[in-house]
Amino acid sequence: MALSEKRLSGLVEIQNTDMSLNRSLLKDRVANTLRDYISSGRIPEGTKLTEREVATLLGISRIPARDALMVLENEGLVISKSNGRYVIELTEKDVREIHALRWTLEKLAVELAAQNVTDKTKSMLLDALRSLEAVGAGGDVNGWTREDMALHRAIWRLADNAHLLKVLDSVLGAVFVLAERNKIYGERNVEDDIAEHRELVHLIVAGDAARAGEVIEAHLKKSLEMTLKTFRLSDVTDVSR
């Protein structure tokens, strides 16, 4: 192992934190915990993750640790190399490519969701919107990204296209990390964000596929601009071109 390689067991700042979990928790709970640590930077990009170290860190057996790592790998948050699994390291090129994919596929998902809207899907979307509004109104900074992603993924599911959902889910982890980066470094106006999401949901509920597609395009363009600024602010790379 190279001396410069980051390892989970070497992260002193979180080794002294009580992060033990009930052993009966399912893989999704473990995955959520790891996702939170990664997106907040407590587990840095490029860190090697082993089942044994994850199990030790969280006080669980290796089986849920393994299952959780597989979940994160399916989301694109963790990648496999010849010598193990690692947290992704995002570059400006990654950011541009992810947003290009989202512009194309998430616009399609939004349009399909609007075309497929039913009374049941209306209720589901409005519930997801209310959850986002609640964390925004309550100042729950930690909960914002989780509810934001939950709302977007609810729209993806309502598109009723399993292949489309699979592709979008494959970048969910990276999108989550970028959203957290924007929260930390960006100049976010929660009221504006809520208003944008409210407009999008109401257009889908109204069945206005064309306008909903335009709104998600504008939302993602704004997200890309903000994310590129965060790379400059965090001194990760030069995005001045």
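Predicted model: local features only at pLDDT ≥ 70, side-chain atom pairs only at ≥ 80, totals over all residues.
Select β1 (48–49), β2 (78–81) and β3 (84–87): they make an open sheet of three strands in the order β1-β3-β2, paired antiparallel. β1 and β2 are the edge strands, each pairing on one side only. Strands of a sheet pair through backbone hydrogen bonds, either parallel or antiparallel.

Next, colour the two pairings separately. β1 is joined to β3 by two bridges, while four bridges join β2 to β3. The β2 and β3 strands form a hairpin, with two residues between them. Now pick R85 in β3. L49 stands opposite R85, and R85 is also the bridge partner of S80.

**Just after β1**

Move to T50, in the loop between β1 and α3 (51–58). Is T50 buried or exposed? Its relative accessible area is 19%, under the 20% limit, so T50 counts as buried. Show the contacts of T50, leaving aside neighbours within four places in sequence: they are R7 and L69.

**The nonpolar cores**

Select L34, I43, L58 and L90. Within the largest nonpolar core, which has 45 residues, these four touch the most other members. To see where the core draws its residues, display α2 (27–39), α3, α4 (62–74), α5 (92–115), α7 (141–158), α8 (162–169), α9 (172–185) and α11; each gives two or more residues. Which element gives the most to this core? That is α9, with seven residues. Apart from this core lies another, of 24 residues, among them L125, L151, L200 and L203. In soluble globular proteins, nonpolar side chains tend to be buried together.

The C-alpha atoms of F231 and L90 are separated by 9.8 Å, although the two residues are 141 residues apart along the chain. With a relative accessible area of 0%, F231 is buried.

**Helix α10**

Select residues 190–205, which form α10. The expected span is 1.5 Å times one less than the number of residues. Then show the buried residues of α10: D193, I194, H197, L200, V201, L203, I204 and V205. L200 and L203 in this list are also among the members of the 24-residue core. After α10 comes G207, whose phi is positive, near 80 degrees.

Go to E147 in helix α7. At 17% relative accessibility, under the 20% limit, E147 counts as buried, so a surface view is of limited use for this residue. Not counting residues up to four places away in sequence, E147 touches S131, L132 and V135.

Finish with the largest pocket, which has a volume of about 410 Å³. How many residues line the largest pocket? There are 14, of which N32, R35, E75, R153 and L172 lie nearest its centre. The elements giving two or more residues to the lining are α2, α4, α7 and α9. With five residues, α7 gives the most to this lining.

Notes
Residues numbered from 1 in each chain as written. Heavy atoms only, no water. Buried < 20%, exposed > 50% of the residue type's maximum accessible area, 1.4 Å probe, protein only. Contact = heavy atoms within 4.5 Å. Pairing = 2+ DSSP bridges. Core = buried A, V, L, I, M, F, W, Y, C linked by side-chain atoms within 4.5 Å. 1 Å grid on protein atoms, 1.4 Å probe; cavity = no way out; pocket = protein on both sides within 12 Å on 5 of 7 lines; lining within 4 Å. Points joined across faces, edges and corners; volume = space filled by probe spheres on them.
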